[in-house]
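This briefing is intended for a reader who is meeting the structure for the first time. It turns to charged side-chain pairs and then to one helix.

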Amino acid sequence: MGFIKALIRAMTILALAEGCIATTGQTIAANGPDGRATSAERAKAGVGAPVDPLRSAASLNRADEKTRIRVWRTTIRKVLYIPIALPKLDAKTWSTFSPMHGVMVDRVTYSTADGMIVPAIVYYPDPGVTHVKGKMPGIVIVNGHGGDKFSWYAMYSGMLFAQAGAVVVTYDPIGEGERNRNKASRDGVHDTWVSPPAKLPRTDWGQRLAGLMQVDVMQAVSYLRSRHDVDQERIGIAGYSMGGFIVGITGAIDTRIHAVLISGGGVYDGPGGYFDSNPLPCQMPPYKAMLPLGDRGAVLYALNAERGPLLVMNGSNDSVMDIEHHPPAWFAEERERALSLIGPNSQAENNIFQTIVYPGISHRPSWVDRDGVAWLNDKLHFAFWDAAKIAKEPTTHVGIWVKQNNVDVAKGFAREDREAGIDALGENIAAIPRDMLMSLPRTEWEREKDRLTYEAWAEKTRAAEQGAAADINN
């Protein structure tokens, strides 16, 4: 009860500080019973409607400014069903192997929301080959839509950054890899729209789905913090596409994270814009649920700056993220609005997000290129690589690497302007067979599948929604 009273008081202070909850420049139409935009509406969504500006931090005293930050973070966690206390980690290492000289891999599971568990592959320097002085940074790789720990960039990132001197967590998002009943990649099962019971908001299912995805990342951070070889102050997360959407929110609410990198994304725009018109339940519902924040993009970027540094990497021709309508000038305006929400002379001002835009390039996970590796090293400090080594490190052309090693790349992304065109740092990186990247032995997967798969989670979530609707009726 004490927490609830404190939250109510804090929200009252926030309302006074803002004058009122920010209103939008236009009303978002409920396009059908679930509120999703049609293809035609999405095509002309642009950056959405403008919002009323929030009060600048300069106009607030420090106590109210801190309260506003706390309320923003609490609001995000509440609308995404993120528990106040994260689940007990219960991490388990099933087995270990070495995919290439100098790199070791642990097959791991850890707990997440709703009684589920996450299958992960963890890369780190082989202590039998290398000697680390002190502790290492940790990095969590968050996949794009349809990706998982089997994706080329997940395994490449793991081995690349392990060679550089970091511990790297890659995992299966809900519904992909070992988290669907077919243990298939690009299964897409979580893309199915599920309408909640009538008494609940149409976005409720997607809010719960997004919350699970958030806890997956936060628990990966908890796992890294639990390792004796990881420096808790040097943990970063990198997300691509859908993963970029996820990590931008995670960085806004989880202050244990030092650095956040978004590649192919960061377009947190206005009402009716890119994410509001997205048909996927993992994106439109959670973004719409954050409408009470007002200027959601500025708030998310301000909260990230309060936490630590953030880099957004995009291609100028990225049609997947509609960068045509989100050019550098749009990001510059977003930055200025976020800066206004940061206190005068605040250290957070030094953390306001930076951007890199590659001319003529489309959608790709750029953190493996020289720019991305250099930025991560600058913020996290790899154990073995420094700026001078990164500047001279040879590269591998991804398109050639995947062909030579028969590595799977999603159709449509094996193009030079997309993933295949990346010149990734490192050379002679191994390609790991799919069966080697299964976290659990077959018999254990069968035993644990009711805590692993989307189908099992969906059954639990339907029951939770029915219970919530019954409580409303009562």
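Across the whole structure, a search finds 21 salt bridges. The model is a predicted one. Side chains of opposite charge can pair when their charged atoms come close. The points below describe several of these pairs and then helix α4.

**Salt bridges of Arg-337**

- Asp-295 and Arg-337 form a salt bridge in which the closest N and O atoms are 2.6 Å apart.
- This pair links distant parts of the chain, its two residues being 42 residues apart. Asp-295 lies in the loop between α7 (284-289) and α8 (296-307), whereas Arg-337 belongs to helix α9 (residues 328-340).
- Asp-295 has a relative accessibility of 8% and therefore counts as buried, the cut-off for buried being under 20%.
- Arg-337 has a relative accessible area of 31% and is partly exposed, because this value falls between the limits of 20% and 50%.
- Arg-337 also meets the side chain of Glu-334 in a salt bridge, with an N to O distance of 2.4 Å.
- Both Arg-337 and Glu-334 lie in helix α9, where they are 3 residues apart, about one turn of the helix.
- Glu-334 counts as buried, since its relative accessibility is 0%.

**Other salt bridges**

- The side chains of Arg-447 and Glu-444 meet in a salt bridge at 2.7 Å, N to O.
- Arg-447 and Glu-444 are both in helix α13 (residues 442-448); they are 3 residues apart, so about one helical turn separates them.
- Arg-447 counts as exposed at 57% relative accessibility, because exposed means over 50%.
- A network of salt bridges links Asp-106, Arg-227 and Asp-229.

**Helix α4**

- Helix α4 covers residues 152-164 and has 13 residues.
- At 1.5 Å a residue, helix α4 should span 18 Å, because the expected span is 1.5 Å times one less than the number of residues. The C-alpha atoms at its ends are 18 Å apart, which agrees with that expectation.
- Helix α4 is mostly covered, with 12 of its 13 residues buried.
- Gly-165 follows α4 and has a positive phi, near 110°.

Methods
Residues are numbered from 1 along each chain as its sequence is written. This is a predicted model: local features need pLDDT of at least 70, side-chain atom pairs count only at pLDDT 80 or more; totals for chains, interfaces and linings use all residues. Side-chain values use heavy atoms; hydrogens and water are left out. A salt bridge is a side-chain nitrogen of Lys or Arg within 4 Å of a carboxyl oxygen of Asp or Glu. Helices (H or I, at least four residues) and strands (E, at least two) are DSSP runs, numbered from the N terminus. Buried means under 20% relative accessible area, exposed over 50%, partly exposed in between (1.4 Å probe, protein chains only).
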